[in-house]
Amino acid sequence: MLGPRVWFSVRQGLSRGLSRNVGGWASGEGRKVDIAGIYPAVTTPFTATAEVDYGKLEENLHKLGNIPFRGAVGGVCALANVLGAQVCQLERLCLTGQWEEAQKLQLRLIEPNTAVTRRFGISGLKKTMDWFGYYGGPCRAPLQELSPAEEEALHLAFTSNGWL
């Protein structure tokens, strides 16, 4: 895990690099740097029934092949806010070649991950954090709290996979 000093250095360096415009350091004029597309969103190439979705796999490979640098690893996992140990365990299983165990774990993580990213977004993640004993807090405008039906569906995504 990176310490606060390392994160500060990374954040400071990234901020400097992204705020630079064509004429030098950002002065409010000139072109802005558009980082959309540098880190493409990829989806799991497996269905909930453990079948390979070759269309998604091909799409992911195309997206990753267009990253303008080499050596990128990892991902941004909202789910790690509530199931951090399990997301790290998935990485360890993959790194040690324990593919069957990794696939079993991944299949249990797919539905909750989709719920706190694509389906219910930040509102869902905040609610889930509250359930796991963290402080998700209230949603700020323009985001809305989950409706009772949405909250029930979110809860089902975690209970049906054995996390709650």
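This is a predicted model: local features need pLDDT of at least 70, side-chain atom pairs count only at pLDDT 80 or more; totals for chains, interfaces and linings use all residues.
1. Which residues of helix 6 are buried? They are Ala153, Leu154, Ala157 and Phe158. These four cover an arc of only 140 degrees around the axis, so they end up on the same side of helix 6.

2. The face turned away from its buried side carries exposed residues, namely Pro148, Ala149, Glu152 and Leu156.

3. What about the length of helix 6? It has 12 residues, and from its first C-alpha to its last it reaches 16 Å. That is close to the 16 Å expected at 1.5 Å a residue.

4. Next, the charges. Side chains of opposite charge can pair when their charged atoms come close. How many salt bridges does the structure hold? There is 1, and it joins glutamate 151 to lysine 127, with the closest N and O atoms 3.8 Å apart. The pair links distant parts of the chain, 24 residues apart: glutamate 151 belongs to helix 6 (residues 148-159) and lysine 127 to helix 5 (residues 121-131).

5. Glutamate 151 has a relative accessible area of 27%, so it counts as partly exposed. Lysine 127, at 22%, is partly exposed as well. Buried would need a value under 20%.

6. Helix 5 also has a neighbour in helix 4. Two packed helices are described by the angle between their axes and the distance between the axes. Here the axes of helix 4 and helix 5 come within 6 Å and cross at roughly 135 degrees, and therefore the two helices are oblique to each other. Which residues meet there? On the helix 4 side they are Ala115, Val116, Thr117 and Arg119, and on the helix 5 side Gly121, Gly124, Leu125 and Thr128.

7. Finally, step back to the whole chain. Of its 164 residues, 22% count as buried. As for contacts with a separation of 6 or more, 50% of them come from residues 24 or more positions apart.

Technical notes:
Residues are numbered from 1 along each chain as its sequence is written. Side-chain values use heavy atoms; hydrogens and water are left out. A salt bridge is a side-chain nitrogen of Lys or Arg within 4 Å of a carboxyl oxygen of Asp or Glu. Buried means under 20% relative accessible area, exposed over 50%, partly exposed in between (1.4 Å probe, protein chains only). The expected span of a helix is 1.5 Å times one less than its number of residues. The arc is that of the directions from the helix axis to the C-beta atoms. Axes are lines fitted to C-alpha atoms, for helices over the stretch in contact, and angles run from 0 to 180 degrees between N-to-C directions. Angles under 35 degrees count as roughly parallel, over 145 as roughly antiparallel, 65 to 115 as roughly perpendicular and the rest as oblique. Contact means heavy atoms within 4.5 Å.
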